[in-house]
Amino acid sequence: MKKILLVALILISFNTQAQFPGKHPEILLNKDVKVIPLSQTLQSIGYSDFHKNDKVSISDKSIKHEILADKNFKVTDIKPYEKYGSSRYILKLEGADKTVFYYDYDPKYDFKYQLEVIGGLQLPEGFYCEDIVIETDKFTGDIRKSSPTHEGVYFLKSTKNGTSTYYLSIKERGATPKVGATGLILLLTNGKRIEKPTVPIDVKVNTGGDGYMYNAFVSLTDEDIKLLIENQITDNRLYVFDGTIKNGQILSEYLKCLTK
């Protein structure tokens with residue numbers, strides 16, 4: 001039960017502004033990185049994905065927050081291994097004072113990522129495109145391309161008879177249910193907004209959490225697509241319930257991939 005609670009806290013508490021290398025941690029090799037501070041909620045728990053040796057045992061004690069938060073290291077080695085049937089990586093981190101820690105890197109979940117490359121990480125063009133899922137209907141030849149869900153948002157491109165239509169799906173938690181709710185607003189980094197006041201919104205009980213989950217599924221115009229690629233989403237409102245997008249750049253990159 002404690003483990004489930006910890007995961008839930010991590011989901012809502014980690015800073016995801018850092019560029020996440022995904023399936024390519026090798027681009028971190030020889031980079032100078034800083035350990036991202038934990039939220040105040042998790043500081044007393046400490047860092048569970050950092051270890052003092054390369055065994056990265058689940059039984060290892062968490063590293064105290066004050067030992068690692070905002071500390072700088074160089075990534076000097078990366079070794080792949082398997083955990084629970086999934087690919088993982090052990091990153092060796094060396095400090096200027098010869099202090100060494102080992103980071104258990106999970107390539108699947110950006111919300112768990114706890115490193116920030118000093119000076120920023122330049123990702124290769126099209127870096128996120130390998131995450132796009134492509135499905136072809138063997139009877140009709142229709143093609144569906146979809147991005148992974150990131151912070152409750154994903155994009156879909158549906159191509160039929162050579163004509164493509166783009167969609168955005170977005171979820172936001174609400175405290176109370178409202179049947180027949182409408183209205184979606186997206187705030188962008190350039191100060192502009194995308195408004196869809198008549199879009200219908202579904203509401204369901206939030207399975208595995210409290211409150212209710214609101215979901216909007218809306219088609220995008222050419223102007224919408226251009227705005228979303230060139231500008232990151234920072235905030236959203238579904239009906240009257242607001243949310244913040246911490247790393248909208250990933251969403252912009254996913255949509256760019258779909259347009260290629």
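**Burial, cores and helix packing in a predicted model**

Tutor: Asp-224 touches Ile-194, Lys-196 and Ser-219, leaving aside residues up to four places away in sequence; contact means heavy atoms within 4.5 Å. The model is predicted, so local features need pLDDT of at least 70 and side-chain atom pairs pLDDT 80 or more, while totals for chains, interfaces and linings use all residues. Residues are numbered from 1 along each chain as its sequence is written, and side-chain values use heavy atoms, without hydrogens and water.

Student: Why is Asp-224 called buried?

Tutor: Buried means under 20% relative accessible area, exposed over 50% and partly exposed in between (1.4 Å probe, protein chains only). Asp-224 has 7% relative accessibility and therefore counts as buried. Asp-224 is found in helix α3; helices (H or I, at least four residues) and strands (E, at least two) are DSSP runs numbered from the N terminus.

Student: What makes the pairing of Asp-224 with Thr-221 a polar contact?

Tutor: A polar contact is a pair of N or O atoms within 3.5 Å; within protein, one must be able to donate a hydrogen and the other to accept it, and residues adjacent in sequence count only if both atoms are side-chain atoms. The backbone nitrogen of Thr-221 lies 3.0 Å from a polar side-chain atom of Asp-224.

Student: Why are α3 and α4 called oblique to each other?

Tutor: Their axes come within 7 Å and cross at roughly 130°. Axes are lines fitted to C-alpha atoms, for helices over the stretch in contact, with angles from 0 to 180 degrees between N-to-C directions. Angles under 35 degrees count as roughly parallel, over 145 as roughly antiparallel, 65 to 115 as roughly perpendicular and the rest as oblique. The two helices are therefore oblique. The contact is made by Ile-225, Leu-228 and Ile-229 of α3 and Ser-252, Leu-255 and Lys-256 of α4.

Student: How do you know that α4 is mostly covered?

Tutor: Of its 11 residues, 9 are buried, among them Ile-250, Leu-251 and Leu-255. The buried residues of α4 pack against β8 (143-146), β9, β10, α3 and β14.

Student: Which residues have the most contacts inside the largest nonpolar core?

Tutor: They are Phe-155, Leu-168, Ile-170, Leu-184, Leu-186 and Leu-228, in a core of 32 residues. Such a core is a set of buried Ala, Val, Leu, Ile, Met, Phe, Trp, Tyr and Cys residues joined through side-chain atoms within 4.5 Å. The elements that give two or more residues to this core include β10 (163-174), α3 (222-230) and α4 (248-258). The most comes from α4, with 6 residues. A second, separate core of 24 residues includes Phe-20, Val-33, Tyr-103 and Val-117.

Student: Why does Val-33 count as buried?

Tutor: Its relative accessibility is 0%, so Val-33 counts as buried. Val-33 is placed in strand β1 (residues 32-35), and its contacts, beyond four places in sequence, include Phe-73, Leu-93 and Val-117.

Student: What makes the phi values of Tyr-84 and Lys-98 worth noting?

Tutor: Most residues other than glycine have a negative phi. Tyr-84, not a glycine, has a positive phi of about 55°, and phi of Lys-98, also other than glycine, is positive and near 75°. Tyr-84 lies in the loop between β3 (72-83) and β4 (86-94), and Lys-98 in the loop between β4 and β5 (100-105).

Student: Are these two residues buried or exposed?

Tutor: Tyr-84 has a relative accessible area of 63% and is therefore exposed. Lys-98, at 69% relative accessibility, counts as exposed.
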